[in-house]
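The questions below go through selected features of one protein chain, and each answer works towards a single name or value.

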Amino acid sequence: MTEKTGRYDDGEAFRRAVLIVLLIFTTAFGAGFAVLNYNNANYTAMAGEIAMGLFALCLVPVIRGTTQLIRWSFVYLVLFNTTMMLILATPQSSPSVFAWVLLIPILSHMLLGRALGGGVTAVFLVTALVIYYTRFSESSLNGNPRALLNVAGVALCIFGFSFVYETSRSRAERALKRQAHTDPLTGLGNRAHLKLRFQQATARHERDGTPLALLLLDIDFFKTINDTYGHEAGDNALRAVSSLLNDNIRPDDGVFRYGGEEFCILLSNASPARARQVAETLRRLVEASIFDEAGATLSFTTSIGVASFPRDGADLQALLGAADKRLYAAKLAGRNRVVWG
């Protein structure tokens, strides 16, 4: 995708937007609290807030374009939380300042996810409780056990709620992504998933020269099945072919429903000769297969076009175009055959 917002998925775009807003708030609140701490002669806190505000301001343009969002979020949170701990430890800060600690689990889980966010939360909540106990353990007003338990209890509750929320959100996000990348009829990956897998395969090719190839497969005379036995029989035929193809490829390869009765097979670490061999093997397996439909025994054949990357195309569309032309040539030549370049 060429649009800037199109480079990121919805989850990352959300985290990016949240972090940018937090950086702007950090700058604004840092300036305001710096003035207050200057008036209260708390120069250590003032210096920390000014430094954190300037860092946050400089980080805004970085966050807008970075591909390392989690890394920068981690850096920001560690520095922000560390600055908070230093301010809490200053003698001039009041017990009410500890209310800011309750932001730690929310922001950590929101920006870093369940595992890393949980770790950051645990470290800084424990640090904050130690600071609170050290500073106010001798105070008759704030140092009693119930006060400390209240602070710890509220912090742990928010920690738990944030953890549960992030767990539920990440599961829902994964389920939506699976749904968006899966063909509902066959359970195979769809075109969106093919695009993603192709990007991964080409990245591997650029890294270590691993060859890859693509097969475009079409069920011959599929319309006859629909017209003779009905669309339910056609759907069952598509499911049968999907299972057959999926069961006879390597774990690193992928089968995708390209549309209608067409399937696409992405072969990783496959030379042109290997791709032709796989295509011919699959053609024979489909030709030899039969399945029962409403008391009738059905069989069918396939035509397959083969294209190799990067010889037949430097991107997915070019590669699909080359395979489609060879698939068409296979049909013109009588069907039930494989055509390659």
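Predicted model: local features only at pLDDT ≥ 70, side-chain atom pairs only at ≥ 80, totals over all residues.

Q: Which residue forms a salt bridge with Lys331, and where do the two partners lie?
A: The closest N and O atoms of the pair formed by Lys331 and Asp220 are 3.2 Å apart, and the contact is a salt bridge. Lys331 lies in helix 11 (residues 316–332), whereas Asp220 lies in the loop between strand 1 (212–219) and helix 8 (222–229), so the pair ties together parts that are 111 residues apart in sequence. Both residues are buried, and the partner of Lys331 in this salt bridge is Asp220.

Q: Is Arg16 buried or exposed?
A: Arg16 forms a salt bridge with Glu12, in which the closest N and O atoms are 2.7 Å apart, and both residues lie in helix 1, four residues apart, or about one turn of the helix. Glu12 is partly exposed, with a relative accessible area of 24%. Because the relative accessible area of Arg16 is 5%, and buried means under 20%, Arg16 is classed as buried.

Q: Which residues are joined into one network with Arg283?
A: The side chains of Arg283 and Glu280 meet in a salt bridge at 2.5 Å, N to O, and these residues, being three residues apart in helix 10 (residues 272–288), are separated by about one helical turn. Arg283 counts as buried at 11% relative accessibility, while Glu280 counts as partly exposed at 22%. Salt bridges that share partners join Arg283 into one network with Glu280, Arg284 and Glu287.

Q: How many salt bridges does the count come to?
A: The pairs Arg16 with Glu12, Lys331 with Asp220 and Arg283 with Glu280 are among them. The count comes to 12 salt bridges.

Q: What is the distance in space, C-alpha to C-alpha, between Val286 and Ala128?
A: Val286 is found in helix 10, where it counts as buried at 0% relative accessibility. Along the sequence, Val286 and Ala128 are 158 residues apart, and their C-alpha to C-alpha distance in space is 66 Å.

Q: Are helix 3 and helix 4 roughly parallel or roughly antiparallel?
A: The axes of helix 3 and helix 4 come within 10 Å and cross at roughly 170°. Since angles over 145 degrees count as roughly antiparallel, this angle makes helix 3 roughly antiparallel to helix 4. The crossing of the two helices is left-handed, and their relative direction is roughly antiparallel.

Q: What is the value that phi of Ala41 is near?
A: Ala41 has its place in the loop between helix 1 and helix 2 (43–65), and this residue is partly exposed, with a relative accessible area of 37%. Its phi has a positive value in a residue other than glycine, and that value is near 60°.

Q: What distance separates the C-alpha atoms of Gly209 and Asn269?
A: Gly209 is found in the loop between helix 7 (191–208) and strand 1 and counts as partly exposed at 43% relative accessibility. Asn269 has its place in the loop between strand 3 (262–268) and helix 10, counts as partly exposed at 48%, and has a positive phi near 50° although the residue is other than glycine. The two residues are 60 residues apart along the chain, and the separation of their C-alpha atoms is 9.0 Å.

How values were computed
Residues numbered from 1 in each chain as written. Heavy atoms only, no water. Axes fitted to C-alpha atoms, helices over the stretch in contact; angles between N-to-C directions. Parallel < 35°, antiparallel > 145°, perpendicular 65-115°, else oblique. Left-handed = near helix turned anticlockwise from the far one by under 90°. Salt bridge = Lys/Arg side-chain N within 4 Å of Asp/Glu carboxyl O. Buried < 20%, exposed > 50% of the residue type's maximum accessible area, 1.4 Å probe, protein only.
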